[in-house]
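Trainee: I'm new to this one. Can you walk me through how its helices pack?
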Amino acid sequence: MNQAQIYSLKVWLTMVVFAPALQMSSNAIVFNLTTSTREYIVAYPLSMGIVFLCTLPVGLLLILTISKLSKNIKPILLKRWTTLIISVLTILSFLVCIVAKDAYPPLVLSMLLLPYSLPLILGVWIFKLDDDDDEELAS
């Protein structure tokens, strides 16, 4: 695996690991669900497995596109484009919920979107794509 593929894998796995915890926490806040620590510990691995399986196409798409684009454009531009694309794709994936009249209030909708897009976007910026990455961010 080259460095761009490892970077893409790290970004996607960040979402796989943190999205279930963020989703369960947001459900507890929005819907006043109280879960015991034991229920949380039992549900987390299952949730993580479901997120892994359901977002496998996203992970493969990230690996393919970032690997291909990293050869042609600078890392900072790649990170900006990846952030924009992740945001747009997340919104498009929940478009049915957005368009449907009175389907979800804005707060609930944001609690559906953020647990999945936030870890991806943070992963894009936290991990280094290559050795020149720090130099470009500083300039």
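Trainee: At what angle do helix 1 and helix 3 pack?

Mentor: This is a predicted model. In it, helix 1 (residues 3-30) and helix 3 (residues 56-69) pack at about 150°. Their axes are 8 Å apart.

Trainee: Roughly parallel or roughly antiparallel?

Mentor: Roughly antiparallel, because angles over 145 degrees count that way. The crossing of helix 1 and helix 3 is right-handed.

Trainee: Which residues meet there?

Mentor: From helix 1, they include Tyr 7, Val 11 and Trp 12. Among their counterparts in helix 3 are Leu 56, Gly 59 and Ile 66.

Trainee: Now helix 6. How does helix 1 cross helix 6?

Mentor: The two cross at roughly 155°, and their axes come within 7 Å. Helix 1 and helix 6 are therefore roughly antiparallel. This crossing is right-handed.

Trainee: And which residues meet in that pair?

Mentor: On the helix 1 side, Phe 18, Leu 22 and Val 30 are among them. Helix 6 brings residues including Met 111, Pro 115 and Gly 123.

Trainee: What is the reach of helix 6?

Mentor: Helix 6 covers residues 106-126, 21 residues in total. From first C-alpha to last it reaches 28 Å, close to the expected 30 Å.

Trainee: Where does helix 6 bend?

Mentor: At Leu 114, by about 40°. A proline, Pro 115, follows within four residues.

Trainee: Is Pro 115 buried or exposed?

Mentor: Buried. Other buried residues of helix 6 include Val 108, Leu 120 and Gly 123.

Notes. Residues numbered from 1 in each chain as written. Predicted model: local features only at pLDDT ≥ 70, side-chain atom pairs only at ≥ 80, totals over all residues. Heavy atoms only, no water. Expected span 1.5 Å × (residues − 1). Bend = angle between axes of the 7 residues up to and from the residue. Buried < 20%, exposed > 50% of the residue type's maximum accessible area, 1.4 Å probe, protein only. Axes fitted to C-alpha atoms, helices over the stretch in contact; angles between N-to-C directions. Parallel < 35°, antiparallel > 145°, perpendicular 65-115°, else oblique. Left-handed = near helix turned anticlockwise from the far one by under 90°. Contact = heavy atoms within 4.5 Å.
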